[in-house]
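Dear colleague,

Please find below the structure that I am handing over to you. I would be grateful if you kept it open while reading the notes that come after it.

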Amino acid sequence: MNDVTQILKAIRQGNSQAADNLLPLVYDELRRLAAQKLAHEPAGQTLQPTALVHEAYLRLVGGDAEQVWDGRGHFFAAAAESMRRILIENARRKLRIRHGGEFERVELAEELVQASDQPERLLELDAALTRLAEEDATAAEIVKLHFFAGLSLEEAGALMGMSRATAYRQWSYARSWLKCAIEGD
Amino acid sequence: MSFKPIDAKSVFLQALEFTSTAERVTFVDRACAGNSQLRARVMLLLQNVEVPDSLLDQTGSQPDPTHVVAEGMPAVSLEFLKPCETPGSLGRLGSYTILEVIGRGGMGIVLRAMDSKLNRVVAIKVLATEYAGNPQARKRFLREAQAAAAVSHDHVVTIHAVDDDENVPFIVMECIVGQSLQQKIDATGALRLKEILRIGMQIAAGLAAAHQQGLVHRDIKPANILLENGIERVKITDFGLARATDDVGMTQSGQIAGTPQYMSPEQAMGQPVDPRSDLFSLGSVLYTLCTGRPAFRADSTIAVLRRVCDDTPRPIAEINPEVPDWLIAMINRLLSKQSQDRYQTAQEVFELFSQSLAHLAQPNLVPLPGSMNVTPSSSPGRKSASPRETNAGRSHWTLVGVGFFCAVIVVGIAVVQWLRPQARATSDETRVNGAARLTSEEQGEKRLVTEAAAPLPTRAPFDAVQARNHQEAWAKHLGVPVEWTNNIGMRFRLIPPGQFQMGSSAAELAALKEELQKAGTAEFDLFVSQSSGPRHRVALSQPFYIGQYEVTVTQYRQFLEETGYQSSASRAGAERFRWQQFVTEGDQQKQPICGVSWEDAESYCQWLNTRASKEPSRGLYSLPTEAQWEYACRAGTETLWVSGDDVEALSEFAIFGQTNTFGPAQVGLRRENSFGLFDMHGNVEEWCLDWHNHGYYARSPLTDPLFNDPPSEKGSGKVARGGAWNCKPWSLRSTTRNYDFPDKPTHARGFRVVCQVAQARR
């Protein structure tokens with residue numbers, strides 16, 4: 001049994017501190033995976049967060065999937081948060097370079113082109129999402145799972161214990177909320 | 001006055017339930033009565049639902065699936081609308097209050113509006129701004145609309161008025177609530193026979209009415225055929241308007257406006273057009289209804305036009321063997337390149353369809369219309385050399401399979417009448433997803449047809465003794481062994497042709513759903529579990545060999561060593577996913593291979609085929625179809641597992657539920673089924689040939705079904721069956737249809753191989 005499995009089991013048994021240990025492990029794995037994939041992909045390829053996240057899950061949990069089935073939600077929540085951080089870091093780095101902050105060509109190993117072609121907007125989204133999380137945790141979680149971890153609304157809903165229709169509704173609301181926030185109303 | 005965010009959310013979500021802007025606005029007004037800040041917030045949120053967002057919409061999910069947003073719509077300029085005080089409206093046009101944009105037809109924008117005078121909802125078509133400036137286009141727009149208004153018919157969208165508001169010409173029509181035929185095809189693919197006839201009949205009726213008024217539609221295509229909600233009544237739309245833009249389009253840019261896939265050859269060549277052109281287009285639409293795809297497809301407009309003029313479309317029978325000969329003949333006649341070869345009037349087509357529907361309803365009382373008794377040899381695309389086309393061949397089949405057919409007819413589906421021996425492409429190999437289709441099929445069947453001594457196909461249920469007798473009888477008849485081993489040590493068992501109940505009954509599905517929901521099972525698995533219905537009787541017309549065991553590590557290794565093949569996992573760089581990871585200490589000859597993708601399994605079968613040429617007496621290898629797999633797995637049983645309906649007995653046959661083991665067990669540790677196969681249930685899950693399609697069982701052919709069309713649903717995958725060593729019992733059921741992306745390997749999945757039977761003796 002590996003580390004992540006142990007942590008997930010611990011969480012399930014009610015150990016809330018265990019969750020803190022989960023995030024760094026997942027984060028590490030995702031960064032490593034992203035770097036590795038990019039090293040193998042032809043230039044200009046984009047990576048899909050959803051593939052990364054699922055692969056990380058299988059690699060970290062793998063054969064223990066059956067045992068930690070109930071803990072999947074925690075894993076994906078950690079994965080979503082990790083992806084969010086990776087993307088934001090990447091956006092910030094891109095902006096620094098663009099504004100002449102770094103002269104060397106940095107190997108943007110974690111560059112996930114999908115969201116990073118609009119770094120400013122992504123940063124605004126991130127800030128808005130933090131505010132949304134304070135007001136409506138559920139809606140924010142849906143955004144994290146769907147937008148950052150790339151899970152389908154159906155999967156995200158399932159992890160959060162809501163129906164597909166409800167997940168769609170939460171997403172509609174969150175999406176509109178974020179748009180209003182970003183556009184400065 | 002302030003408000004709580006939760007209230008704004010609540011009103012917002014409730015407002016989303018309404019599908020029209022006007023209704024939403026009314027609701028919001030009422031719900032926020034007295035609180036203008038709340039109202040403003042909700043309205044702002046609602047407005048943003050429609051607005052595309054380059055960042056947030058990368059996820060690809062629609063903001064609100066209950067609200068129909070026009071597909072692929074570029075920003076539409078509505079500046080021609082006058083301002084309007086009605087809240088929630090987009091503007092005003094004449095005395096109409098514009099509520100929302102429904103869609104964009106090639107040359108116009110369709111809006112939903114409220115007729116304030118008559119107080120009813122209507123659809124308004126406005127000439128798009130790029131054409132509105134052209135006086136010729138406008139004149140034609142209005143002239144044709146006036147003519148179209150003269151057509152009053154059930155199956156043509158009624159035109160209420162044609163008007164002009166300060167130089168903006170527009171047409172007011174009845175607003176149809178429903179979906180277009182294109183949307184229906186996109187959702188469900190090919191339609192059932194009865195529906196095809198009904199829709200064809202109604203389109204023909206509408207065309208007849210229009211032709212009578214001297215109008216040629218010129219743009220008959222699935223997107224222009226609306227199906228009114230509920231009864232799905234056909235309403236032809238966009239009538240006569242194509243003519244207005246056609247000329248304009250041609251002279252301006254030399255390009256043909258709109259999609260040419262359903263155009264007639266004369267239209268494509270810019271020649272004069274008459275009502276028979278509409279009939280060609282109707283034939284093209286019918287082709288699509290039969291096959292789920294257009295008849296003339298290509299990458300560019302020019303290429304499509306060329307195909308329309310020169311090419312014969314792929315024979316319908318190859319794509320959908322369920323379609324009867326007489327309908328194929330009709331469609332082919334409609335698709336004649338020369339208009340004088342087609343039916344000459346829509347009325348004639350209408351009557352033919354009408355009679356066919358009546359015949360379908362009462363085959364014994366109402367004959368097929370006389371002009372449709374076309375012999376198979378006259379339809380293009382059929383190989384007349386094949387013996388099964390002759391009456392002699394047909395009656396032999398009938399003789400051999402009388403009991404077979406009776407059982408199938410009991411199901412009471414009229415389409416059964418048209419069941420015939422394999423109507424698939426024969427003399428040339430048709431490559432399906434890389435696996436060569438079965439040419440020896442034809443030889444095998446020839447044999448079944450001509451030898452009067454052939455045993456009857458099996459009919460489930462049957463027990464182990466009967467199964468063995470069937471296998472031996474067929475082996476003897478075919479002159480092949482019941483069991484044989486190929487030159488890499490793979491052992492196969494003969495499975496005789498026969499029929500069985502495929503899928504789960506409604507009661508089983510309901511019970512399973514309850515069980516899984518109680519256990520808190522994830523939505524995906526619930527979805528998978530419900531794909532197994534409805535139960536239906538399937539016939540497998542060909543005998544085949546199937547691997548006695550799952551493909552082993554040693555056997556897979558040989559493939560890798562001989563070819564240097566790179567598996568999906570190693571190409572993707574997923575280190576942990578190398579199949580080597582799951583090989584344990586011990587005899588690799590007995591360990592099933594896992595951690596292989598569907599593509600890997602396919603490549604393996606192809607490799608076997610290249611080697612098979614060294615063994616000329618055997619047919620071709622492939623993955624099993626879902627039907628073959630289930631039939632082989634059930635081996636004559638009709639219960640949830642071969643062991644019965646009680647899960648207690650399952651462990652006698654299967655390895656499952658192991659949560660503490662790292663990988664699968666050796667093959668063959670449990671009991672074999674009545675066909676002599678091991679580990680169909682459990683151990684490793686096994687890839688099948690078919691794409692998964694949730695609704696396939698409701699419309700699949702009843703003989704040799706195989707769903708191999710690339711899926712239109714995102715997120716579909718290839719079927720994987722039988723469950724694995726670490727799965728719960730329900731995954732192991734004979735009927736469970738799991739699925740996964742074809743390039744994805746998992747540690748719980750491997751495969752086994754089937755091989756077609758080729759006669760050993762002449």
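The notes below go from the overall picture to individual elements and residues.

**Overall picture and confidence**

Please bear in mind throughout that this is a predicted model. For the complex, the predictor gives an ipTM of 0.82 and a pTM of 0.41. Chain B has an average pLDDT of 77, and 75% of its residues score at least 70. Within chain B, confidence is highest in helix H24, at 97, and lowest in strand S10 (residues 431-432), at a mean of 24.

Two stretches of chain B call for caution. Over residues 61-76 the pLDDT stays under 50, and the model has 32 contacts beyond four places in sequence for them. Over residues 373-452 the pLDDT also stays under 50, and here the model has 116 such contacts.

Chain B contains 25 helices and 23 strands. Of its 762 residues, 56% count as buried. Its accessible surface comes to about 31700 Å², and 51% of that surface belongs to carbon and sulfur atoms. When contacts in chain B between residues at least 6 apart in sequence are considered, 70% of them join residues at least 24 apart.

In soluble globular proteins, nonpolar side chains tend to be buried together. In this model the largest nonpolar core has 74 residues, and the members that touch the most others are A:Leu30, A:Phe75, A:Leu122, A:Leu178, B:Phe12, B:Val28 and B:Val42. Helix H4 of chain A (residues 72-98) gives the most to this core, with ten residues. Beyond its neighbours within four places in sequence, A:Phe75 is in contact with A:Val4, A:Leu8, A:Leu22, A:Val26, A:Val53, A:Ala56, A:Tyr57, A:Leu60 and A:Val61. Another core, of 49 residues, lies apart from the largest one; its members include B:Ile199, B:Ile236, B:Leu289 and B:Ala295.

Strands of a sheet pair through backbone hydrogen bonds, either parallel or antiparallel. S12(B) and S15(B), the latter spanning residues 498-502, pair in the parallel sense over two bridges. B:Arg459 stands opposite B:Gln499 in S15(B).

Just after H24(B), B:Ala635 takes a positive phi of about 50°.

Strand S3 of chain B (residues 108-115) has seven of its eight residues buried, so S3(B) is largely enclosed by the rest of the structure. S3(B) pairs with strand S4 of chain B (residues 120-127) in the antiparallel sense, over eight bridges. In this pairing B:Val110 stands opposite B:Lys125 in S4(B). The hairpin has four residues between the strands, and B:Asn119 takes a positive phi near 55° there.

**Two individual residues**

B:Asn48 is found in helix H3 of chain B (residues 36-50). Buried means under 20% relative accessible area, and B:Asn48 counts as buried because its relative accessibility is 9%. Apart from neighbours within four places in sequence, B:Asn48 is in contact with A:Arg175, A:Ser176, A:Lys179, A:Cys180 and A:Glu183.

B:His211 lies in helix H7 of chain B (residues 193-212). At 15% relative accessibility, B:His211 also counts as buried. Leaving out neighbours within four places in sequence, B:His211 is in contact with B:Pro275, B:Asp278 and B:Ala346. The C-alpha atoms of B:His211 and B:Gln347 are separated by 9.4 Å, while the two residues are 136 apart along the chain.

With kind regards

Methods: Residues are numbered from 1 along each chain as its sequence is written. Chains are lettered from A and ligands numbered from 1 in the order in which they are written. This is a predicted model: local features need pLDDT of at least 70, side-chain atom pairs count only at pLDDT 80 or more; totals for chains, interfaces and linings use all residues. Side-chain values use heavy atoms; hydrogens and water are left out. Buried means under 20% relative accessible area, exposed over 50%, partly exposed in between (1.4 Å probe, protein chains only). Contact means heavy atoms within 4.5 Å. pLDDT is the predictor's confidence in each residue, from 0 to 100. Accessible areas come from the Shrake-Rupley method with a 1.4 Å probe; for residues, only the protein chains shown count as cover. A nonpolar core is a set of buried Ala, Val, Leu, Ile, Met, Phe, Trp, Tyr and Cys residues joined through side-chain atoms within 4.5 Å. Two strands pair if DSSP finds at least two bridges between them.
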